[in-house]
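Colleague: I've just opened this one and I'd like to learn how to read it. Could you take me through a few features?

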Amino acid sequence: MSNMWERVGRLIGADNLDRLAEKQVGVVGLGSGGGFVALSLAMCGVGGFVLVDDDVLERGNVTRHVADLRSLGQNKAAAVADLIWQRNPDARIDVRAGAIEDHWDCLDAIDLLVVAVDNEQVKYTINEKCLEKRLIASYAGVYERGEGGDHVIIKPYAGPCYACWAEATREGVKIAMNSVGDLDYGMIGAEGTLASEPGLWVNVTKVAGIQTDLILNELLRGTAAYAEMPANTLIVSNTYLDIIEGAESDPHSGLWIEIERDPDCLVCGERLQTGVSLLARDENASISLEDLAASRLTTDIVIEEAED
């Protein structure tokens, strides 16, 4: 252990520090929240990163970003990578300047994914990939004007996927299937983002700091440093906030809630997954045409109308 990491090692243990150094974390979206989480994880000992962003740092970003005026015009993922290397020259960083849809291969060798994009539709697409790859993912959101925020760690098929979690926690999200068999997530706003006014940097970092702490805890699962959390979702308030209708929460307080997996979720539902799994094994099983369409299972089945 170098002198640089001595205090961190004393706090979490040298073995756990070595464990974090071997971990590989992906971060999609290196804006105000994602950039803070990536840099904070690096400063806590995480040694490997895949950073994905298709945007560049602009002057209007610097009051709500870990990078500053020296990085203007630079890709945000590259800017955050430079900051990490200033804290840990030995960090292993794969920078992907582009949209995650063009870089799915970068998810193949990571231990956990931080989803920090604003576009909700992209989150749902990432959710489907994480289910496919059995990849644990962390999602956090800051509420309008920084009044509060939330965080959840999604563990594929061991709880809700992001789609059924969002349907339970996000107003206006209702997952349905449209006339051509594609999923419609009931998005808010023409651009697929949740309409809101941004909060201050301190509001963002409060939620991102909690997110970082819970990610570190998950990365240390199985060690003495790991602590079981009360539930899968934490909601925090920065001001008086109606987290539960009729029960106003005090400023700077938090509430844990458990969001259950929806067995009828069109993305991860148990009934749907069972039917698709049986079909894939060519066993005697039945699945409705509606479920088959919702599953997006690629088949060569042609359905012919019966003759009178």
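Colleague: Where is the place of Y157?

Modeller: Start with the elements: helices (H or I, at least four residues) and strands (E, at least two) are DSSP runs, numbered from the N terminus. Y157 sits in the loop between β6 (148-154) and α6 (162-169). Its phi is positive, about 65 degrees, although Y157 is not a glycine. Before we go on, this is a predicted model, where local features need pLDDT of at least 70, side-chain atom pairs count only at pLDDT 80 or more, and totals for chains, interfaces and linings use all residues. Residues are numbered from 1 along each chain as its sequence is written, and side-chain values use heavy atoms, with hydrogens and water left out.

Colleague: Is Y157 buried, exposed or partly exposed?

Modeller: Buried means under 20% relative accessible area, exposed means over 50%, and partly exposed is in between (1.4 Å probe, protein chains only). Y157 has a relative accessible area of 26%, so it is partly exposed.

Colleague: And what about H252, how does it count?

Modeller: H252 counts as exposed because its relative accessibility is 61%. You'll find H252 in the loop between β11 (247-249) and β12 (253-257). Its phi is near 60 degrees, a positive value in a residue other than glycine.

Colleague: Back to α6, then. Which of its residues are buried?

Modeller: In α6 they are Y162, A163, C164, W165 and A166. A general idea for helices: an α-helix has 3.6 residues a turn, so residues three or four places apart point the same way. As for what the buried residues of α6 pack against, that is α5 (120-133), β5 (137-142), β6 and β9 (233-237).

Colleague: Now a strand. Why is β1 called largely enclosed?

Modeller: Strand β1 (residues 24-28) is largely enclosed by the rest of the structure because five of its five residues are buried. Q24, G26 and V28 point one way, V25 and V27 point the other way, and all are buried.

Colleague: Which strands does β1 pair with?

Modeller: Two strands pair if DSSP finds at least two bridges between them. β1 pairs in the parallel sense with β2 (residues 48-53) over five bridges, and V25 has F49 in β2 as its bridge partner. To get from β1 to β2, the chain passes through helix α3 (residues 32-43), and this β-α-β crossover is right-handed. The term right-handed applies if, with the strands pointing away from the viewer, the path from the first strand over the helix to the second runs clockwise. β1 also pairs in the parallel sense with β4 (residues 112-115), over four bridges; there V28 stands opposite V115.

Technical notes. Contact = heavy atoms within 4.5 Å.
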